[in-house]
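Look at the fold below and follow the chain from its start.

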Amino acid sequence: MKLARDIMSLSTFKRDSNKVMRQMKKTKQPVVLTVNGKAAVVVQDAESYQQLLELKERSEVVQILRHRLASRSRNKGRLADPTCNQAHFGSLHDRALLPAPCARAPADRRHSTGAEVL
């Protein structure tokens with residue numbers, strides 16, 4: 001982020017919005033808008049925002065998987081149905097992997113991990 005380019009007053013943004021929009025599309029950098037000299041809003045192009053959301057989602061998946069691996073290594077928790085203990089993976093928005101739900105447990109008795117809730 002370049003402070004001189006990527007931080008501006010709301011009134012400047014209103015006056016030069018087309019120019020700022022072109023700049024954001026070109027640089028893929030957000031712009032911080034200020035009101036009375038204080039940061040008030042961050043504006044970002046849609047493509048960069050989508051990438052940010054996807055990165056956040058992948059990060060959450062990694063955190064969940066790390067937690068599950070740590071829990072498993074401590075031998076905490078168990079699946080209600082041992083046949084579900086196999087690694088079944090399905091795509092999550094074609095980017096991250098999560099276990100597919102266990103076929104034996106009714107949908108309302110499944111945890112997001114695919115294990116039946118006891």
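Seven residues form the largest nonpolar core: Met8, Phe13, Val20, Met24, Val31, Leu33 and Val43. A nonpolar core here is a set of buried Ala, Val, Leu, Ile, Met, Phe, Trp, Tyr and Cys residues joined through side-chain atoms within 4.5 Å. Buried means under 20% relative accessible area, exposed over 50% and partly exposed in between, with a 1.4 Å probe and protein chains only. Two or more residues of this core come from each of α3 (17-27) and β2 (31-35). In soluble globular proteins, nonpolar side chains tend to be buried together.

This is a predicted model, in which local features need pLDDT of at least 70 and side-chain atom pairs count only at pLDDT 80 or more, while totals for chains, interfaces and linings use all residues. Residues are numbered from 1 along each chain as its sequence is written, and side-chain values use heavy atoms, with hydrogens and water left out.

Apart from neighbours within four places in sequence, Val31 is in contact (heavy atoms within 4.5 Å) with Asp6, Met8, Val20, Gln23, Met24, Val41, Val42 and Val43.

The protein has four helices and five strands, in the order α-β-α-α-β-β-α-β-β. Helices (H or I, at least four residues) and strands (E, at least two) are DSSP runs, numbered from the N terminus.

Helix α4 covers residues 46-73, 28 residues. The expected span is 1.5 Å times one less than the number of residues, so α4 should span 40 Å, and its end C-alpha atoms are 41 Å apart, which agrees. Its buried residues are Ser48, Glu54, Val61 and Ser71. Of the 118 residues of the protein, 20% count as buried.
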